[in-house]
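Have a look at the structure first, then read on.

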Amino acid sequence: MNVNYTAEELAFRDEVRAFLKSELPADIAAKVKLGKHMSKQDHERWQQILVKRGWYAPGWPVELGGTTWGPVEKHIFDEECSAFGAPRTVPFGVNMVAPVIIKFGTQQQIDHYLPRILSGEDWWCQGYSEPGAGSDLASLKTRAVRDGDHYVVNGQKTWTTLGQHANMIFCLVRTDPEAQQQRGISFLLIDMKSPGISVRPIITLDGDHEVNEVFFDNVRVPVENLVGEENQGWTCAKYLLTHERTGLAGIGSSKAVLAHLKRIAMKEVCDGKPMLEDPLFRAQVAEVEMQLMAIEMSTLRILAAAKEGGVPGAESSILKVKGTEIRQAITHLLRKVIGPYALPFLEEEMQLGYDGELLHADYSASLAGDYFNMRKLSIFGGSNEIQKNIVSKMILEL
């Protein structure tokens, strides 16, 4: 199994780098690299640049607006985007619901929703988790009762990322309360402007409004918005989560943030020398870097298998566990390297162009918030404990 890039893949990497140098807006890259707040308009602007180039939906079939890229090209593109400071693609439309619609949806759904995702007309959010159903997603309670040519939906979703911006939500709902948990679930596409939907913000530890609660009170959803068969939504959910967990490894992002850590550690001085020259701290950085190199090789092995027609399975759970632990470890070291200056948090310093007096440096403002925010990585997308159970059952056969 060859995990080295071919000449064609190296040429593609050069093409991506040239594109990012010429097309990535400098203000957006600065926000990403310094951890400043990104607006909805920032994401939309970058999306349209990618759409114009034809690179926004690499996982889609070409005839639907996708690319001819294989898994290796996707990996290269993600890694280079992280290195240049491109914003992470908001995944809920293009990378999550779209593949489900393509795989399980009707031709009418494909023709209607996919062009609207490309144009930015629809901004999607995910309706999976509930107050009593997180990693144990199959225990969800949100009900959808058939009433003629509509479903009537009642219940609550939580931790709905960027739901305050969304006009559409894809939801798992219970359509047969008498069936075995997984068999009584359906996958619905719901207009967020429907009467009976309300969104309540959840303010996180870093003071940000990223996640929400979404309430459904007798919301009427057309039956034509059902994806796949009624009571077979768990099949759609598993298909979506496998793709989500593979991406949660965040190799490119971790490599970019690790490089950022090293730059800061060369600037910060302790006992008259850069922190990166401190033997204990340098050893901690080296440990994380070795783990990152190891998981990158594992990712490349999985990509090499996918290139030959394989499909990511329980291996995606391994990538999710280790990848999220590495990203959390890097944020811990970033706080450690600037010591007490990581403690204060001033909201105004999170805006690009802030011209007030800095507490320390332009790179220090976001470090505490990033540290707190990254605690979620080992929980969402299925907690790491659940992922370990999947590995023990599906790979180790315990």
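The questions below go through ring pairs, charges over rings, helix packing and backbone angles. This is a predicted model, in which local features need pLDDT of at least 70, side-chain atom pairs count only at pLDDT 80 or more, and totals for chains, interfaces and linings use all residues. Residues are numbered from 1 along each chain as its sequence is written, and side-chain values use heavy atoms, with hydrogens and water left out.

Q: How many aromatic pairs does the structure hold?
A: Rings of Phe, Tyr and Trp (its six-membered ring) pair if their centres lie within 6.5 Å; planes under 30 degrees apart count as stacked, over 60 as edge-to-face and the rest as tilted. By that rule, the number of aromatic pairs is 13.

Q: Which kind of pair do Phe19 and Trp46 form: stacked, edge-to-face or tilted?
A: The ring centres of Phe19 and Trp46 are 6.1 Å apart. Their planes stand at 35°, so the pair is tilted.

Q: How many residues apart in sequence are the parts that Phe19 and Trp46 tie together?
A: Helices (H or I, at least four residues) and strands (E, at least two) are DSSP runs, numbered from the N terminus. Phe19 belongs to helix 1 (residues 7-23) and Trp46 to helix 3 (residues 40-53), so the parts tied together are 27 residues apart in sequence.

Q: Which kind of pair do Phe19 and Trp55 form?
A: Here the centres of the Phe19 and Trp55 rings lie 4.9 Å apart. Phe19 sits in helix 1 and Trp55 in the loop between helix 3 and helix 4 (71-84), so this pair joins parts 36 residues apart in sequence. The planes of the two rings are at 65°, so the pair is edge-to-face.

Q: Is Trp55 buried or exposed?
A: Buried means under 20% relative accessible area, exposed over 50%, partly exposed in between (1.4 Å probe, protein chains only). Phe19 is buried at 4%. Trp55 has a relative accessible area of 7%, so Trp55 is buried.

Q: What charged end sits over the ring of Trp55?
A: A charge sits over a ring if NZ of Lys or CZ of Arg is within 6 Å of the ring centre and within 35 degrees of the ring normal. At 4.3 Å from the centre of the Trp55 ring, the charged end is that of Arg53.

Q: Is helix 4 roughly parallel or roughly antiparallel to helix 8?
A: Axes are lines fitted to C-alpha atoms, for helices over the stretch in contact, and angles run from 0 to 180 degrees between N-to-C directions. The axes of helix 4 and helix 8 (residues 251-267) come within 8 Å and cross at roughly 30°. Angles under 35 degrees count as roughly parallel, over 145 as roughly antiparallel, 65 to 115 as roughly perpendicular and the rest as oblique. That makes helix 4, relative to helix 8, roughly parallel.

Q: What is the phi of Trp159 near?
A: Most residues other than glycine have a negative phi. Trp159 lies in the loop between strand 3 (150-157) and strand 4 (168-174), and counts as exposed at 53% relative accessibility. Its phi is positive although Trp159 is not a glycine, with a value near 55°.

Q: Where is Asn218 found?
A: Asn218 also has a positive phi, about 55°, without being a glycine. With a relative accessible area of 48%, Asn218 is partly exposed. Asn218 is found in strand 7 (residues 209-222).
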